[in-house]
Amino acid sequence: TPLPGVVIIPGNIAYLNQFFSVILKVSNVAPGYANLEVRDLRAEIVLPGGRDTVYGTGDDPLRPARTGAPPVDDPAIKPIRTAGPDGQPGTADDLDVLAPQQSGDAEYLVEGRREGVHVVDLKITGTLHGLPGGPVPVEGRAQGVVEVRNPTFALTFNHPATVSAGEEYDLLVTLTNVSSTPANFAAFVMASRAA
């Protein structure tokens, strides 16, 4: 039994060596009156291999984001869950059962390692319950495409020549894209530290 899914990559654009989200949405499209639940849904992300066509080597264009201390790869296999009683997805009460007309999701963090357009593939598996013959395995696939760009920037800082301790002043920063690659949603964030 096929199980449909949709891949969402916000913006469909990522930047070199930055993390981006890959969100899988899966729905139980059975009619609301049916007694058909999909349980134990899992998704496995399959990222493209590099020039050597072997996944997990240094030339891969995409890889799981490494987060935490020490850094750990985002897992390839994740449960697909729907919001629990609190109505908020991503909390401890989320459910791994999709009733008719319900949707669930799984989210991955991925790092863009090579410029270009890359395909992200997701394999979906689960078990359909409620049929007269008993539980039936279900599976599906979903794909998304992301473009990884490598813009370069020049920063120009303008500030007073002299500043006294404890005195507030304006610091102006000009961010210029000096590459031929468009840089959508670029932002400059500066954190201040007390001396």
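Mentor: One definition to start. Ala, Val, Leu, Ile, Met, Phe, Trp, Tyr, Cys and Pro count as nonpolar; Asp, Glu, Lys and Arg count as charged; the others, Gly among them, are polar. Also, keep in mind that this is a predicted model.

Trainee: Okay. By class, what does the lining of the second largest pocket have?
Mentor: Five charged residues, four nonpolar and three polar.

Trainee: Which residues line the second largest pocket?
Mentor: Lys78, Pro79, Arg81, Thr82 and Ala83 are among them. The lining also includes Pro89, Gly90, Thr91 and Asp94, along with Asp105, Ala106 and Glu107.

Trainee: And what volume does the second largest pocket have?
Mentor: About 220 Å³.

Trainee: Which strands each supply at least two residues of that lining?
Mentor: Strand E8 (77-79) and strand E10 (103-112). The largest share, three residues, comes from E10.

Trainee: Now the fold. How many helices and strands are in the protein chain?
Mentor: Zero helices and 14 strands. The chain's radius of gyration is 22 Å, while the globule rule gives 16 Å for 195 residues, so the chain is more spread out than a compact globule.

Trainee: What does the C-alpha trace span along its principal axes?
Mentor: About 80 × 45 × 30 Å.

Trainee: What percentage of the 195 residues is buried?
Mentor: Buried residues make up 30% of the chain.

Trainee: Backbone next. What should I expect in general for phi and peptide bonds?
Mentor: Most residues other than glycine have a negative phi, and most peptide bonds are trans.

Trainee: So is the peptide bond from Ala69 to Pro70 cis or trans?
Mentor: Cis, with omega near 0°. Pro70 lies in the loop between strand E6 (66-67) and strand E7 (72-73).

Trainee: What about Asp40, positive or negative phi?
Mentor: Positive, about 55°, although Asp40 is not a glycine. Asp40 is found in strand E4 (residues 37-46). Its relative accessible area is 42%, so Asp40 is partly exposed.

Trainee: And Gln101, where does that lie?
Mentor: In the loop between strand E9 (97-98) and E10. Gln101 has a positive phi too, about 70°.

Trainee: Is Gln101 buried or exposed?
Mentor: Exposed, at 54% relative accessibility. The cut-off for exposed is over 50%.

Conventions
Residues are numbered from 1 along each chain as its sequence is written. This is a predicted model: local features need pLDDT of at least 70, side-chain atom pairs count only at pLDDT 80 or more; totals for chains, interfaces and linings use all residues. Side-chain values use heavy atoms; hydrogens and water are left out. On a 1 Å grid over the protein atoms alone, a cavity is a set of points where a 1.4 Å probe fits but cannot get out, and a pocket is an open set with protein on both sides within 12 Å along at least five of seven lines; lining residues have an atom within 4 Å of a point. Grid points are joined across faces, edges and corners, and a volume is the space filled by probe spheres set on the points. Helices (H or I, at least four residues) and strands (E, at least two) are DSSP runs, numbered from the N terminus. The radius of gyration is taken over C-alpha atoms; the globule rule is 2.2 Å times the number of residues to the power 0.38. Buried means under 20% relative accessible area, exposed over 50%, partly exposed in between (1.4 Å probe, protein chains only).
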